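Please walk through this model with attention to its charged groups, its aromatic rings and its pockets.

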Amino acid sequence: FVITGGDPLKSPYVYDYIKHADSVGLRVAVTPSATGLLTREAIHRMKENGLTRMAISLDGSTPEIHDNFRRQPGSYAHTIRAIADAVAEGITVQINTTISRWNVNDIDNLCALMQKFGLTLWAAFFLVPTGRGEETDEISPQQYEEALTKLYNTAKAADFDLKPTAAPHY
């Protein structure tokens, strides 16, 4: 059972939702936004109420790449801290990455960074131009091939699962 949003932590009932879902036997995951609301205390409280997995977006190996893509200065620092806090709390971590022109040249660094986190799943989403994602943000067919090859090689060696999304040719 995945609680998503916007930002689930903006709801005063998120902990109640987690607790209820856990009480009826569901495995509960949350996809919070990497903001000041996502504190160690909030992560601990979600864990106490039955949270088993946290999925968080990380779209670059550096603050410049990630924050520019997310259009939110400081997001990278919040994300890295939240990942460490979730791991420390014993919550399994899923990292979601949108592959686009903003980070296609950072794939090698992202693959290396993912190896350091102790995550359970890396979900690599290939950009579908909707919302703020524009056609000009898509990567070329050659870049798709190169990115998919790098992801495949990472998946073979990784201690975590890797799931490409919107990439049926994988």
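Which residue lies over the face of Y15? In this structure, which is a predicted model, the residue is R45, placed at 3.9 Å from the ring centre of Y15. A charge over a ring is also found at W102, where R101 lies over the face of the ring at 4.2 Å from its centre.

From charges over rings we can turn to rings paired with rings. A pair of aromatic rings is described by the distance of the centres and the angle of the planes. The count of aromatic pairs in this model comes to two. In one of them, the ring centres of Y13 and Y17 are 6.3 Å apart and the planes stand at 45 degrees, so this pair is classed as tilted, given that planes under 30 degrees apart would count as stacked and planes over 60 as edge-to-face. Y13 has a relative accessibility of 48% and counts as partly exposed, and Y17, with a relative accessible area of 44%, is partly exposed as well.

The other pair is formed by F126 and Y144, whose ring centres lie 5.1 Å apart with the planes at 20 degrees, so that the pair is stacked. Because F126 belongs to strand 5 (residues 121-126) and Y144 to helix 6 (residues 141-157), this pair ties together parts that are 18 residues apart in sequence. Both F126 and Y144 are buried, whereas Y13 is partly exposed, as is Y17.

Two or more lining residues come from each of strand 3 (51-57), helix 3 (63-70), helix 4 (75-88) and strand 4 (92-99). By residue class, the lining of the largest pocket divides into five nonpolar, 14 polar and three charged residues.

The second largest pocket has a volume of about 300 Å³. Among the residues that line this second pocket are N68, F69, R70, R71, T98, L127, V128 and D137, and W102, the residue whose ring face has R101 lying over it, also belongs to this lining. Helix 3 gives the most to the lining of the second largest pocket, with three residues, and this helix is also among the elements that give two or more residues to the lining of the largest pocket. The lining of the second largest pocket divides into four nonpolar, four polar and four charged residues.

Note on methods:
Residues numbered from 1 in each chain as written. Predicted model: local features only at pLDDT ≥ 70, side-chain atom pairs only at ≥ 80, totals over all residues. Heavy atoms only, no water. Helix = DSSP H or I, 4+ residues; strand = E, 2+ residues; numbered from the N terminus. Nonpolar A, V, L, I, M, F, W, Y, C, P; charged D, E, K, R; others polar. 1 Å grid on protein atoms, 1.4 Å probe; cavity = no way out; pocket = protein on both sides within 12 Å on 5 of 7 lines; lining within 4 Å. Points joined across faces, edges and corners; volume = space filled by probe spheres on them. Phe/Tyr/Trp six-rings, centres within 6.5 Å; stacked < 30°, edge-to-face > 60°. Buried < 20%, exposed > 50% of the residue type's maximum accessible area, 1.4 Å probe, protein only. Lys NZ or Arg CZ within 6 Å of the ring centre and 35° of its normal.
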